[in-house]
Amino acid sequence: MFFDHLQNAGYVCAHRGARALAPENTMLAAELGLVFGADFWEMDVQRTADGELVVIHDDDLGRTTDVSARPEFCERAPWPVRLFTLEELRTLDAGSWFAESDPYGTIARGEARKSDIGRMRGQRIPTLEEALAFTRRNDFPMNLEIKDLEYAPGDLTIVSQVLRRIREAKAEDLILVSSFNHDYLAEMRRLAPEIPVAALVEGSNPDNIEEYLADLGAVGYHPDEVLLDEELVRRLTAAGIRVSPYTVNDMDRALALLDAGCFGIITDFTHTLRERLAAR
């Protein structure tokens, strides 16, 4: 299973792929996460209008695609992912925005490779099948986040869809499933108890956190990093919970959390954290 590949602690997780070096949640970002030394990568899954599963974080398409410049879609603003078919989504450019805006300054600083800048243009929104095939082909463990279908409360069917794709890819041993919707995690545990799950949390830590996670069947805890202090990391780790906070882009903070016992650090700056760890 997932933790057979990662048996210790102190791992680097590429948030939405190597998000500081390539357009997030694209196959280029996944590839660069692997190239620059991530131990596992994180990505987000949503469902399209025709029931397909795609890799994208935002509920709408405006930030990470060229949809706003496409006349045929102008009347569909703010362009919710759930109202587009897979065929429509695959026509969108999901990479040029990064090359043009350099959101992390990595192009200007020369950290992004010139050969990759050209490849950013024309990147497509991947399907879950493509992402799983990449993970399987490279034995590159994946933290698969199921995005909350806020427009369909109580609908758990996305969990069985995700599970079916995982099994079709024969990637069960490489997958950790996470979500802010903890009902999804409970459903995954019911359907596939062999696949580990991790609770994503923001705002505040759950009351009686160890008991809460045990009842949920979660072996991982992925909180907003502002919710963590080193004492809580040590406490949860002692209870057998693997703690991987997001999104830790301050490298001193990342190293301190790793020293406290975090299983992994979910970061946009995969390459920078790997360099800092190598220099120790």
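Select Phe2, Phe3, Tyr11, Phe40 and Phe263, which ring pairs link into a cluster; rings of Phe, Tyr and Trp (its six-membered ring) pair if their centres lie within 6.5 Å, and planes under 30 degrees apart count as stacked, over 60 as edge-to-face and the rest as tilted. This is a predicted model, in which local features need pLDDT of at least 70 and side-chain atom pairs count only at pLDDT 80 or more, while totals for chains, interfaces and linings use all residues. Residues are numbered from 1 along each chain as its sequence is written, and side-chain values use heavy atoms, with hydrogens and water left out.

By the pairing rule the count comes to twelve aromatic pairs. For one of them, select Phe73 and Phe84, an edge-to-face pair with 5.2 Å centre to centre and 70° between the planes. Phe73 counts as buried because its relative accessibility is 6%, the cut-off for buried being under 20% relative accessible area, with exposed over 50% and partly exposed in between (1.4 Å probe, protein chains only). Phe84, with a relative accessible area of 0%, is buried.

Next, move to Trp97 and Phe98, an edge-to-face pair at 5.7 Å centre to centre with 80° between the planes; Trp97 and Phe98 are both buried.
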